[in-house]
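Have a look at the model first.

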Amino acid sequence: MHGPLLIELGLVILGLGMLGALSVRLSISPIPLYLLGGLAFGAGGLVPLATSDEFISAGAEIGIILLLFTLGLEYTADELVGVLRRAAPVGLLDLVLGAAPGAIAALLLGWGPIAAVALAGVTYMTSSGITAKLLGDLGWLGNRETPVVLSLLVFEDLAMAAYLPVLTALLGRTGLGGGSLSLGIALVTVAVVLLVTLRYGPVVERFLHSPSDEVLVLKVLGLTLLVAGVAQRLQVSAAVGAFLVGIALSGPLAHAARELLTPLRDLFAAVFFVFFGLHTDPAALPPVAGIALALAAAGIVTKMVTGWVAARRVSPIGRLRAGTALVPRGEFSIVIAGLAVTAHARPQLGALAAAYVLVLAVVGPLLARGAEPLGRWLFRGRTRRPAQRPPDEARRQPDEA
């Protein structure tokens, strides 16, 4: 038995429980506390962990997969296709607004065009994991703007399926041929998964169905991890694969899977957020703090504009909620920066990305928490409704989202 490993894991999980209890008492999202806790016990922190890093890394990956899988359970394949079609123009706006600050900053710093492409990806991508957790924690899953937010997350993840092979080719100097091949494989993979999801969902459900909760958990979890792993192996986001598996399930099976996997999701999601903090060296943050804060401010503005435009058919408060839900950055930004640093593009890019993600991963949930009070104050004259009508933000009408 590995005594030190068990002791460290026990301390980490117990610490997460205590931070979660504190967040409940303070009536805030636990995400910022998890991130700061990881920062305190990561490389360069107060008491660095020694033996549990590999387990926490794997647990973090499982956490993001389960978060996106349970999000996929909320919607059917037809809803996904319809929302993606309507979100395509706003998705392109999100791409331009989100990527521009990073590209411009890298060019102004004299880092060159390849670093500009990498930093553009860092500033563009919303954290699917943090946003998924926020939507659940704040009770926003049934809101009218939520399908729009989810469609933008899926659009971003699909954009990553095209972006990552191109970036890898640029960093590795493999040329147009290598990049085109990787991009083609990624797009074909996404198309195949979408086809199976849309046309063969009932077949997947019959395969997974079981009267035994134990067997159902093993089948659903195994299939989700398998599809996510294959997708990642083929240069596609594991999150996209997990999300589409969730989309393929519906009805009683989806309800049973959600109930059974929610405790596992919550455990590994907490590990996922701690993982970011663990791999951030506090000493590397001060030299890039000014640039990170400037990029973070630009990132907040661009995502608020995107959310406001995307949710134009809902109430002003709903539009604010949509914008704040898109603010957090996380897993993809770290992955992109890691690729650039490994390829020796710019050593400072890793520290800058870490500081940028840490700021927005903490500020994003706090902004989301304050979106409704701020909206009621800003739009108090425009949000009044007749007493017999329920508030529009409490109803889910996907056709108007």
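## A linked set of charges

E372 is partly exposed, with a relative accessible area of 26% (partly exposed sits between buried, under 20%, and exposed, over 50%, using a 1.4 Å probe and protein chains only). Its salt-bridge partner is R376, at 3.9 Å from N to O; a salt bridge here means a side-chain nitrogen of Lys or Arg within 4 Å of a carboxyl oxygen of Asp or Glu. Salt bridges with shared partners tie E145, R321, E372 and R376 into one network.

This is a predicted model, where local features need pLDDT of at least 70 and side-chain atom pairs need 80 or more, while totals for chains, interfaces and linings use all residues. Numbering runs from 1 along each chain as its sequence is written, and side-chain values use heavy atoms, leaving out hydrogens and water.

## Other salt bridges

The whole structure has seven salt bridges. One of them joins D137 and K133 at 3.7 Å, N to O. Both lie in helix α6 (residues 128–137), four residues apart.

Key
Helices (H or I, at least four residues) and strands (E, at least two) are DSSP runs, numbered from the N terminus.
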